[in-house]
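These are my notebook entries on one protein chain. I set down what I looked up, entry by entry.

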Amino acid sequence: MAERGKKPGAAMIVFSVCSILQKCMPFILMPFLTRMLSVEDYGIYSAYSAWLTILASVCTLNLHLGVFNNGMHRFAEDRERYASAMVWVTILLLMLFSALALPLRKRLSGWFSLPGEYVPWMFVQILFQQFFNLWVAKERYIYGFRRLLALVGLYCAAGTAFPAAALYLWRADAAGVIISAVLVQVLFGTVCAAELLIRGRCSANGTYIRYAAGFNLALMPHYLSGVILGQVDRTMINAMCGAASAAVYSVAHTFALALNFAVSSVNAAIVPWTYEAMAKKRMKELNRITAILAGSFAVLLCIFVLVMPEIMKLFVTREYYDAVRLVPPIAVSSYFIFLYNLFANVEFYFEAKYFISVSSVLAAVLNVALNYVFITRYGYTAAAYTTGVCYALYALFHFINVRRLGKKHLPGEALYPMKILAAAAGLLSAGVLGILPVYDSVIVRYVLLAVIFAAVFVKRKELIKEVRYVFTEEKGQA
């Protein structure tokens with residue numbers, strides 16, 4: 001078991017590498033997909049991916065997310081059997097949903113705007129993908145750096161090589177790409193499930209299953225709302241504007257939210273550490289590191305937006321160039337996702353399940369409503385702006401809940417540097433959106449980029465000091 005009390009700097013490096021590897025898969029595949037699939041086929045592939053994410057959230061109860069960390073914390077002396085129980089409950093859930101859905105696959109096919117044979121593939125992929133996710137969640141929690149890097153590296157290599165080979169060697173269509181991805185998932189998911197079951201002595205402990213299922217059933221509105229926020233724009237564009245528009249928007253969405261690898265890796269590293277910091281009321285240390293991470297991510301996001309047009313043109317063909325101007329408004333969402341993750345860690349720690357769900361449902365309902373109104377009126381480009389607005393509301397609603405929890409459970413303690421987080425969000429949103437009128441100008445963008453690098457250089461000593469603070473292993477108060 002990993003030593004607790006350490007700051008999450010080393011963990012963030014390893015988890016970031018793993019997340020980069022996983023997030024690189026769509027980018028490595030994109031030149032193949034956009035060049036060797038028709039725009040319509042790429043739109044179908046994007047719609048399949050979006051619906052896969054939505055169904056996975058429902059069919060697995062997202063047992064690899066917050067409740068897994070809570071269970072590893074709560075049942076610290078029996079973690080192997082807890083992980084094994086999560087495998088069994090995943091199998092039971094997928095059997096149940098498959099029995100309900102497969103007889104209705106023609107109807108589901110119509111709802112998804114996809115061919116009927118795609119529905120069984122989804123359920124197979126969801127099952128084995130969840131086995132892989134559970135294994136990764138366990139290794140992250142116990143800081144299993146070497147094993148995590150090794151398997152994720154192999155998984156990413158196979159996950160890009162198989163679909164690329166299907167496209168290049170066999171001239172596959174969307175169905176061929178999807179089947180090749182399913183085969184990779186089955187291979188790695190089988191290995192992961194086998195190890196979790198063997199180490200946990202195939203335990204199906206009822207206490208652990210009831211705890212996890214009960215915890216996440218209450219959170220299903222929250223998880224489904226999060227998936228809706230991330231996926232519904234593409235499915236609505238596919239239905240309202242056609243597969244070609246969905247393909248263009250999907251390219252922008254994929255590039256704009258690429259920095260979510262940083263969000264997910266940082267959050268994975270700091271969850272166990274955050275739990276201990278709150279348990280021991282080390283708020284000053286928690287808040288200082290949070291402020292450092294927020295500032296670093298805001299600067300990184302600005303740089304990312306400024307160089308994105310050139311990066312995108314390396315990966316996509318001319319048919320997708322309209323996607324470039326959608327990147328800045330969608331990219332702002334990454335910062336609000338970062339804030340949401342900070343707030344959600346507190347909500348999960350105090351197991352505020354119902355308030356979490358209420359906050360998320362409000363944001364998701366607003367997203368669907370705004371998408372319907374503005375896509376109808378202005379076309380698919382409107383979804384880029386509704387996405388940014390709704391993620392801002394998503395973070396705001398969870399912030400309100402965290403303030404309530406802080407007053408109740410940590411009276412007199414400052415939980416997160418809220419003024420710094422809010423100021424960074426406001427400045428970032430204004431700056432990223434303000435660049436839109438001159439976004440086509442390479443000169444303007446690179447002058448701004450030079451200003452950012454100059455500011456970082458001038459403040460380098462202070463910045464190095466703060467970075468060292470994140471990575472030091474001493475546990476003293478800030």
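Arg 445 lies in helix α17 and Glu 310 in helix α12, so the pair ties together parts that are 135 residues apart in sequence.

**Entry on the model.** I note that this is a predicted model, in which local features need pLDDT of at least 70 and side-chain atom pairs count only at pLDDT 80 or more, while totals for chains, interfaces and linings use all residues. Residues are numbered from 1 along each chain as its sequence is written, and side-chain values use heavy atoms, with hydrogens and water left out.

**Entry on exposure.** I looked up the accessibility of both partners, where buried means under 20% relative accessible area, exposed over 50%, and partly exposed in between (1.4 Å probe, protein chains only). Arg 445 is buried at 2%, whereas Glu 310 is partly exposed at 29%.

**Entry on other salt bridges.** I recorded 8 salt bridges in the structure. One of them joins the side chains of Glu 80 and Lys 138 at 2.5 Å, N to O. Glu 80 belongs to helix α4 (residues 79–101) and Lys 138 to helix α6 (residues 118–141), 58 residues apart, so I read the pair as a link between distant parts of the chain. Glu 80 is partly exposed, with 28% relative accessibility, and Lys 138 is buried, with 2%.

I then turned to Arg 325 and Asp 440, whose side chains meet in a salt bridge of 3.3 Å, N to O. Arg 325 sits in the loop between α12 and α13 (327–349) and Asp 440 in the loop between α16 and α17, so this pair ties together parts 115 residues apart in sequence. Arg 325 is partly exposed at 34%, and Asp 440 is exposed at 59%. I also noted a network of salt bridges that links Glu 139, Arg 147, Glu 195 and Arg 199.

**Entry on helices.** I counted helices as DSSP runs (H or I, at least four residues), numbered from the N terminus. The axes of α9 (residues 206–240) and α14 (residues 353–378) come within 8 Å and cross at roughly 10°. The two helices are therefore roughly parallel to each other, a term for angles under 35 degrees. Their contact has 18 nonpolar, 7 polar and 2 charged residues. Here Ala, Val, Leu, Ile, Met, Phe, Trp, Tyr, Cys and Pro count as nonpolar, Asp, Glu, Lys and Arg as charged, and the others, Gly among them, as polar.

**Entry on a pocket.** I looked up the second largest pocket, which has a volume of about 400 Å³. A pocket is an open set of points on a 1 Å grid where a 1.4 Å probe fits, with protein on both sides within 12 Å along at least five of seven lines, and lining residues have an atom within 4 Å of a point. Its lining has 16 residues, with Ala 298, Val 299, Cys 302, Leu 427 and Leu 428 nearest the centre. Helices α12 (283–315), α16 (418–434) and α17 (442–458) each supply at least two lining residues, and the largest share, 7 residues, comes from α12. By class, the lining has 14 nonpolar residues, 2 polar and no charged.

How values were computed. Axes are lines fitted to C-alpha atoms, for helices over the stretch in contact, and angles run from 0 to 180 degrees between N-to-C directions. Angles under 35 degrees count as roughly parallel, over 145 as roughly antiparallel, 65 to 115 as roughly perpendicular and the rest as oblique. Grid points are joined across faces, edges and corners, and a volume is the space filled by probe spheres set on the points. A salt bridge is a side-chain nitrogen of Lys or Arg within 4 Å of a carboxyl oxygen of Asp or Glu.
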